[in-house]
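Here are my notes on this one, in numbered points. Have a look at the fold first, then read on.

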Amino acid sequence: MKVNGQQTRSIWVEDDGITVGIIDQTLLPYRYATLRLRTVADAAHAIKSMQVRGAPLIGAVAAYGMALALREDASDAGLERAYALLIATRPTAINLKWALDEMMAAVRNRPREDRVAVAYRRAAEIADEDVEINAAIGRHGLKLIEDIAARKPGKTVNVLTHCNAGWLATVDWGTATSPIYQAHDKGLPIHVWVDETRPRNQGASLTAWELGHHGVAHTVIPDNTGGHLMQHGEVDIAIVGTDRVTAQGDVCNKIGTYLKALAAHDNDVPFYVALPSPTIDFTVLDGVKEIPIEQRSAEEVTTMTGLTADGRIESVRIVPESSGVANYGFDVTPARLVTGLITERGVIAATRDGLAKAFPERAAAD
Ligand code: MRU
């Protein structure tokens with residue numbers, strides 16, 4: 001999508017054909033700066049420190065991380081070490097494991113001297129496939145928005161989203177935002193309620209930033225506002241992303257998603273989840289019981305980071321020194337609260353049957 005009017009992806013290979021460029025998302029929305037990943041340690045650090053984040057982008061960075069690792073050591077031991085380092089960076093987004101397994105399958109049986117080239121090729125495919133998948137998600141989700149627009153001619157369609165499931169969280173288009181961008185590009189009147197998404201504020205910092213750069217009308221709201229808006233008919237549809245969807249359609253996503261799904265259910269607001277198929281984990285059924293939820297540092301809760309009047313990025317403490325803090329990164333929305341899953345193969349039911357029928361090859365493999 002566009003940054004300062006320029007078409008941009010969230011990850012690319014630099015002109016040297018080796019180093020990997022990323023946008024440092026920890027500086028947004030205050031500064032737009034890019035970084036070069038030169039080693040697998042750089043890639044692991046970028047994921048862990050959330051310079052890159054969002055399930056599909058984490059997968060793409062990990063894929064390139066394997067390629068960078070093989071430049072340093074193309075042996076089997078080197079491959080295993082890189083896998084172990086990268087898989088430990090973030091536990092919840094299943095795209096990380098998916099991408100690492102794809103890379104392993106691509107290079108494992110190749111001679112050492114071919115491994116680097118093969119790895120860069122497969123990583124590029126993973127990135128390109130993500131763009132194609134998200135474009136398809138957008139086309140399917142667009143129909144949902146068009147249906148709503150047809151029911152309220154001349155009026156704006158209001159979409160609520162949580163966290164950042166935008167192009168910054170993927171390679172391009174985003175998942176939840178892809179239908180939004182496509183509706184906007186088609187000239188449909190659309191407006192997005194952007195949950196700020198404490199504690200790291202991915203909505204306020206990232207979703208708002210990217211929607212603004214693409215010219216999409218939006219309003220940032222405190223996380224607790226969605227229920228009120230739904231009660232007053234101000235939300236036509238909720239579309240969120242996800243870090244992992246189980247075989248029965250339970251949806252793990254950024255903490256607070258579950259509460260939005262409950263509010264949507266109570267107010268008959270359709271609640272959709274947009275996902276690329278690598279986000280499906282067919283090895284897991286009950287998301288609440290089985291998905292490991294990342295616990296993040298207390299500091300994300302005790303401090304707020306922002307821009308000072310004289311242009312410095314600073315953090316300030318907002319919680320008493322003596323108070324305990326809990327920081328669960330994700331929650332699970334049970335399938336019964338999900339109106340439908342917007343995938344690259346169409347909008348499907350959040351059920352075991354719906355997922356298995358849409359992705360039989362994945363269901364059988366896992
Ligand atoms: O902790 P984050 O910022 O990586 O969490 C991101 C989310 O929860 C996104 O909604 C999810 O990864 C889907 S991204 C298309």
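1. In β18, T343 has G346 as its bridge partner. Strand β17 (residues 340–343) and β18 pair in the antiparallel sense, and three bridges hold the pairing. On terms: helices (H or I, at least four residues) and strands (E, at least two) are DSSP runs, numbered from the N terminus, and two strands pair if DSSP finds at least two bridges between them.

2. A word on provenance. This is a predicted model, in which local features need pLDDT of at least 70 and side-chain atom pairs count only at pLDDT 80 or more, while totals for chains, interfaces and linings use all residues. Residues are numbered from 1 along each chain as its sequence is written, and side-chain values use heavy atoms, with hydrogens and water left out.

3. Now the whole sheet that β17 and β18 belong to. Seven strands form an open sheet with mixed pairing, in the order β8-β7-β6-β9-β12-β17-β18. β8 and β18 (346–348) stand at the edges with a single partner strand each, so one side of each has no neighbour in the sheet. Neighbouring strands are turned by 25° against each other on average, direction ignored; the axes behind that angle are lines fitted to C-alpha atoms (for helices over the stretch in contact), and angles run from 0 to 180 degrees between N-to-C directions.

4. At the β8 end, strand β7 (residues 190–195) and strand β8 (residues 217–221) run parallel and are joined by five bridges. D195 stands opposite I221 in β8.

5. Most residues other than glycine have a negative phi, and most peptide bonds are trans. N201 counts as buried because its relative accessible area is 11% (buried means under 20%, exposed over 50%, partly exposed in between, with a 1.4 Å probe and protein chains only).

6. C163, in the loop between β6 (157–161) and α6 (177–185), has a positive phi of about 60° without being a glycine. C163 is buried, at 6% relative accessibility. The peptide bond from L28 to P29 is cis as well, with omega near 10°, and P29 lies in the loop between β4 and β5.

7. Those last two strands belong to another open sheet: three strands in the order β3-β4-β5, with antiparallel pairing. Here β3 (11–13) and β5 (34–37) are the edges, each with a single partner strand, so one side of each lacks a neighbour in the sheet. The twist averages 25° from one strand to the next. Three bridges join β3 to strand β4 (residues 20–23), and V13 has V20 as its bridge partner in β4.

8. On to charges. The whole structure has 23 salt bridges, counted where a side-chain nitrogen of Lys or Arg is within 4 Å of a carboxyl oxygen of Asp or Glu. K152 and D236 form one of them, with the closest N and O atoms 2.8 Å apart. That pair links distant parts of the chain, 84 residues apart: K152 is in the loop between α5 and β6, D236 in the loop between α8 (226–231) and β9 (237–240). Which are they, buried or exposed? Both K152 and D236 are buried.

9. Compare a bridge inside a helix. R122 and E125 meet at 2.8 Å, N to O; being three residues apart in helix α5 (residues 112–151), they are separated by about one helical turn. R122 is buried at 12% relative accessibility, whereas E125 is partly exposed at 37%.

10. Back near where we began, E361 forms a salt bridge with R345, the closest N and O atoms being 2.9 Å apart. E361 is in helix α13 (residues 360–365) and R345 in the loop between β17 and β18, 16 residues apart. E361 is partly exposed at 41% relative accessible area, and R345 is partly exposed at 47%.
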